[in-house]
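Good morning, and thank you for joining this group meeting.

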Amino acid sequence: MARSFMDLIWDYAVFVVFIIFSTLYPLWGRFFGKKEKTKADYVFGLGTISMGAMMLSIARGTLGVRSVLGYPSELFYRGSAMWETLYGMVTAYPLVCFIFIPVYFNLGVTSVYQYLDLRFNSRLVRCLASGTYIVRSLLNLGVTVYTPTVAMNTVIGIPYWASLIGISAISIGFNLLGGLKAAITADVIQSVTMILISVGIIIQSMITVGGFDKIFTIPANDGRLNFFNFTGDATVRVDTTSAWLGQLFMSLSIFGCQQNFVQRYLSMSTFKEVRRTLMSNIPVVIALFCLAWIVGMGVYSVYAVCDPMKAGYTNKMDEILPFFVEDKFAYLPGVLGIFMASLFNGALSLNVSNINSLATVTWEDFLSHLPRYKGISDKQQLNVIKFIGSIYGVIVMGVGFSVGLLSGVIESSMLMTSATSGPLLGVFLLAMLVPIANWKGAACGMIVSHILTLWITFGSLTVSKEVILLPTTVEGCTNDTFSSGITKPTKSWLLANTPLEVESEFPYFDTTTHSPVEETIGFPENIYSVSYMYYSLIGTFLTVVVGALVSVLTAHADDAYDCQLLHPIAYYCSKLFPGKERRYISNPDIRPKDVESADSGSKKSPQKKKIEELERDNLGFDTVSEQSGVTVVSVDPIPPKLDRPEVYRKHDPEADR
């Protein structure tokens, strides 16, 4: 701590009050409002989530904790190169809206990986995809929940283990009592709080430097704002090309193939509502994204001539923003407490929403098909999902402790995230856009892509890479630079007995500067030196190419599937190619979510009809299809024996009979 305990007493009090409020308010409805009675209520929060809340939640999940701590420190010490990842995020939204969502929304699926099972008739492909998501999410969550604990340990002295246990305990409580609605409400509270704090930081910076324009001119004059840098070098850490392409493929994988995002899309009533929410969310994401960078510009303009880290007041780059709040808001007790509580709540809300999705995926993709769980009631399924979520809460806490004890876990887990984005995105692109793709091609594509991208990922750890930090100075430091009471940190008993600390949620924020090494590198070092920003692109390309080739070589009549599982444009284009007509079958498991009810004259509201339909269909499991009149047990998409002939293309004379 840079200030004494007594100076921070109000911040401690505000911290505790804010955490209590942000925890109990989202759960208020659990005790005094409508309770989740079914699995559909718990997983999707049917009819209870507003469009505005959904937009903030999606934006919050898009930016994550890095928007609070990472981006300001990135601009301060590295410049604006990473700012251009915004291009990839913005490009990904319309692609997800018009490629992925039309396919998902018309299937009535609960788990996004259930779609792969329907498309490829393969439990292997589904388990590969959902397993990848689970492992990646657990590693991410472990780092996510640990990152703010470092700041709280450093700034206000809360032991990291206490924060970890607190976040995990509250997350488990949310999981048991809340559901998607509680998680989204927590997201909204955190988002609004961080917006207000960010605006306050910008105003304080403007007052300190003497004008709003100087927040922009000072960083620009010192070389912090450098855009449209096309180097053409794939080994450069990040330039405009890698920022756009790399973030585009990572965002497509996250927004379009990750359960916690798709779960939010499917919680809406109609496809038009999803499209309107996603497209309206683009300016929201741009505003929130740029807000974090403007905060960094304001902080830099204040400390442009006196870098706190170089002066010895901070130890890590990520501490620059907490230090600023502690320093420049010392005259306003409680602001630091709100800021740190918002970091805590940010990790909490991300943890809650993700363990909800992890539990849903684990149930739908793994456990629900076991014999002992066949035929259990909807209420029992809901209890199992909550229990699984509680287990994941404990596992995430364990991963968080491991992050603190094993210093190499952070970089490895972040590189693992980048490496797994490509194979996951690739298999969904195969399913939606490549009509010839079969389960053998999809499985081979994912496996080969995983092997090669992980080889590059771990190989990159063996290569020394030059990391250049922009110059800072302490020439302007005076006795009045920092607030009274701010002192250089000392090695207290608490810090001396704390296990190794992580540097950041993102490893590229915390590497040290290395001297340039002039040497010629060959294979495979030149492959290992490729920027991690390209890993998702490489993984996607490998999955699609290998998957398509293997599918062509192993094509079989049993590869037939329902044409609704293809994107409409891909289905239309496939009919233009010469050769034998592709054979399709009808799958009674597919029931469009927003199809109007036959009894349109009913006075029931559309939302009530939707809830009743999902409850009747049990979210796609153990149901009776009204369209086909066929009882379908489990979601196994192997074509059942139907009471009617298989449906082929309209040119097939068998289908016309």
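**Salt bridges, a surface patch and one isoleucine**

Let me begin with Arg123, which is partly exposed because its relative accessible area is 27%; the class partly exposed sits between buried, under 20% relative accessible area, and exposed, over 50%, with a 1.4 Å probe and protein chains only. Its salt-bridge partner is Asp117, and the closest N and O atoms are 2.5 Å apart. A salt bridge here is a side-chain nitrogen of Lys or Arg within 4 Å of a carboxyl oxygen of Asp or Glu. Asp117 counts as buried, because its relative accessibility is 1%.

A word on the source. This is a predicted model, in which local features need pLDDT of at least 70 and side-chain atom pairs count only at pLDDT 80 or more, while totals for chains, interfaces and linings use all residues. Residues are numbered from 1 along each chain as its sequence is written, and side-chain values use heavy atoms, with hydrogens and water left out.

Now to the protein as a whole. Of its 657 residues, 56% count as buried. There are 25 helices and two strands; these are DSSP runs numbered from the N terminus, helices being H or I with at least four residues and strands E with at least two.

How many salt bridges does a search of the whole structure find? The search gives six. One of them joins Arg78 to Glu74, with the closest N and O atoms 3.9 Å apart. Both residues lie in helix α5, residues 70-78, and are four residues apart, about one turn of the helix. Arg78 is buried, since its relative accessible area is 11%, and Glu74 is buried at 1% relative accessibility. Glu74, Arg78 and Arg237 are linked in a network of salt bridges. Lys328 and Asp327 form another salt bridge, their closest N and O atoms being 3.5 Å apart, and both of these residues are buried.

Let me turn to Ile538, in helix α22, residues 535-553. Is Ile538 buried or partly exposed? With a relative accessible area of 23%, Ile538 is partly exposed. Leaving aside neighbours within four places in sequence, Ile538 is in contact, meaning heavy atoms within 4.5 Å, with Thr453 and Val530. The C-alpha atoms of Ile538 and Gly422 are separated by 6.7 Å, although the two residues are 116 residues apart along the chain.

Finally, Ile451 lies in helix α19, residues 439-460, and counts as exposed because its relative accessibility is 54%.
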